[in-house]
Amino acid sequence: MKLIIRVTPKIYGGSNLKKLLTILVINVFILSTIGASALSINNITFLKSLSSEKYDMIIIAPNLFISSLQPLIEHKNSRNLYTILKTTEEIYDEFQGRDEIEKIKYFIKYALDNWNIKYVMLVGGADLLPARYVHIFYDYEYQNEWVFLSDLYYADIYDEHGNFSTWDTNENNIFGEYNWGTLHLYDELDLYPDVYLGRLACVDENEVTICVDKIIAYENEKAYAQSWFTDLVVIGGDSLPGDKEHIDEGEYVNQGVIENMDGFVPKKIWASNGELYDAENIQDAIDAGSGFVFFNGHGHLSIWATHPHESYEWIPPGSYTNSHINTLSNGNKLPIVVSDACYHCTYNVASDCFGWTFVKTPLGGCIAFLGSTDVDVSHEGVDIVTKGIEKLCIVMSENYMEGDCTFGELWGHGINDYINTAEMDEMDYITVEEFQPFGDPSLVIAELSNPPEKPEDLDGPKSGKINEEYNYTASTIDPDEDQLYYLFSWGDDEFSEWIGPFDSGDSAEASHIWTEQGEYEIKVKAKDENGVQSNWSNPLFVSIPRNKKIDIHLNLLIWLLKHFTNELQMIRYILNFQ
Ligand SMILES: [Ca+2]
Ligand SMILES: [Ca+2]
Ligand SMILES: [Ca+2]
Ligand SMILES: [Ca+2]
C-alpha cells in the first residue's frame, strides 16, 4: 500500500537556518582521528575507588557553574536523590573519546555501569556543554539534509546488544547517519534511552541560579499537589489549512491531550473559540498557573503562531514571542510546556530560543520545556497524531496519567513508547532525535500514593429549572488517610474548581447553575494531597426540563384570571362547570 502524504513543514517565516546549521556543523567536525574501535571502557581505571558508591543522578557542567549548582546538589541529596557533579573539564582530562562529546558519553556510561544512575542533568548551552549533531537525508520541499542537535545521543548509551553505542557504527566520524550523502550511508542506532536526561542550557551563572531556585521551590512546594496544577492550558488553531478533512490540527492535538488528562481542567486558547486572537489571553492563562501548557502550531526561534480555520492569516496578531515570555508573572506556578512547533529548542543557533527563554525567565515562565531542535514534521488532517511531536504529545499526556513521576520519565518513556509504535522511517528518526528536554530530569512532577476510593454516589436534586442553583455533596475515603479535594463535572462542559482540603470521609459540597435545558450527567472525582486521583463516581442524571412553554401557559392563565374573572365565571356557569 502506498501511503500518500503531504508533509508540511510547520515553520514560521523564512529562515537562513539551514545555512547557519551547516556552518556550525563544520565547526563541530574538528575531530581527532581516534577510531571508535580503539576506545574501550577498560581504559578507564581512575574512578575505580568510587565504584562502590551509588548515585541517582549525575550533573555534568563546566567549572564555571560549580558554586551556583551547589544549592541544587544539597537540595537533591537532602531528598535522598543522591547527586554528584562532574565537571566537563574533569571529564575531558580523565576520559577517552574521539572528541569532547564522546568523552562525556563515556563518562555517562561509566556512571551507569558503576553507580547505577537513573538521571543525567546537563548544565550549559551549546558552547559550554556541546551536543552531537545527527545527519538525516529526508527530501522534501523545504530542506533535504537534516543536521541538528540531539541530546538523545547522551541518553542512548547501549545499543540493542548492550554494547556502548557511538552513534557512528560505520566509523566515518559522521554521526547518526540516515540515508546520508551520495553513498546513502546509515549508522545503526538503537535510540532507546538508557537514562533519563535533561539539559539546562544556561549560558551564565545567573541563569543557573534562576533555574536552581525554581527547581527547589517547585519541589519544596510539591507543585503537583497544588490546586492550580490540575489546570491545563492548550493553545492551537488550524496548523495546516487545506487538508481534505478540514481539521484544525492544533486544536485536534489539544483535544487528544484533554481527553487523556482526565481530571485536568482545560483552558482552551483556540482559534475556533476566538481566544487566540489576542496574545494576552495566552499570557493570562499561563499567569493563572497550570501544571501543563501545550502549544500546538508553528514556531521559529523566538515566536509561536498559528492559523484560524482554513485561513493563512497568522494569529495571534503580532504572534506570541519571547517578549511575552519575559513578562510572564506566574511566580512559582510553573507549568511543564510542550511545543510541537519548529525550532523552539534550537539553542545552538539562539541561546535565548523560545523554549529556553521559557525556562530561564526569572518571574515565572515554566519549570521545564519540551520542543524541537529542528523542523517538526507531521501528517495533516486527523493523521496529525500519528507522527511527529504531535504523537509525542498524545503519548506523554497518557503516560503522565499512568504514573510518570519525574520530568525525565515523561521524556524518556515518551521516546520509548513512540519508538515502540512507530515504523521508524525518516520522520520518526527526526522526531525522537530532535525532541529536546530542557529541565531537571529528576524533577518530581507526581508522587506515588494510593488513590482515593471512587466517590460514593452524588447526593442532590435529580431535576430542576434553568438558572437556579443546586447543591450536590460527595464523599470518599483515602486508604492513606490523606486529605482530599473534589472536582465536580456538571455535564455541560463546566467543572467546579478542585474543592478542599477535606479529611478523608468528610463530605464536600458544590453548587451549579445550568443555563440551558437538557439531561445532564454529573459526576465527581477526588484527589489526595499528593495529587493522585480517584476514578469518577457513578453518574447522577439531572433533568433540567424545557419549562418555557409551561411558564407562558401559566402566565396566560394567571392573566386571564386577573382580567376576566367575571367572564370566566360566566363561562363556568354556561359550561355548568361546578
Ligand atoms: Ca557514521
Ligand atoms: Ca539504548
Ligand atoms: Ca487543517
Ligand atoms: Ca493517598
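Biologist: How do the axes of helix H7 and helix H11 cross?
Modeller: In this predicted model, the axes of H7 (residues 249-260) and H11 (residues 388-401) come within 9 Å and cross at roughly 10°. Axes are lines fitted to C-alpha atoms, for helices over the stretch in contact, and angles run from 0 to 180 degrees between N-to-C directions. Helices are DSSP runs (H or I, at least four residues), strands likewise (E, at least two), numbered from the N terminus.

Biologist: Roughly parallel or roughly antiparallel?
Modeller: Roughly parallel, a term for angles under 35 degrees, with over 145 counting as roughly antiparallel, 65 to 115 as roughly perpendicular and the rest as oblique.

Biologist: Which residues make the contact?
Modeller: H7 supplies Val-253, Gly-256, Val-257 and Asn-260, and H11 supplies Glu-390, Cys-393, Ile-394, Ser-397, Glu-398 and Met-401. Contact requires C-beta atoms, placed from the backbone, within 7 Å.

Biologist: Numbering and cut-offs?
Modeller: Residues count from 1 along each chain as its sequence is written, while chains are lettered from A and ligands numbered from 1 in the order written. Local features need pLDDT of at least 70 and side-chain atom pairs 80 or more, whereas totals for chains, interfaces and linings use all residues.

Biologist: New topic. Where is Lys-222?
Modeller: Lys-222 sits in the loop between helix H6 (205-220) and strand E9 (231-236).

Biologist: How far is Lys-222 from Glu-447 in space?
Modeller: 9.1 Å, C-alpha to C-alpha, although they are 225 residues apart in sequence.

How values were computed
Contact = placed C-beta atoms within 7 Å.
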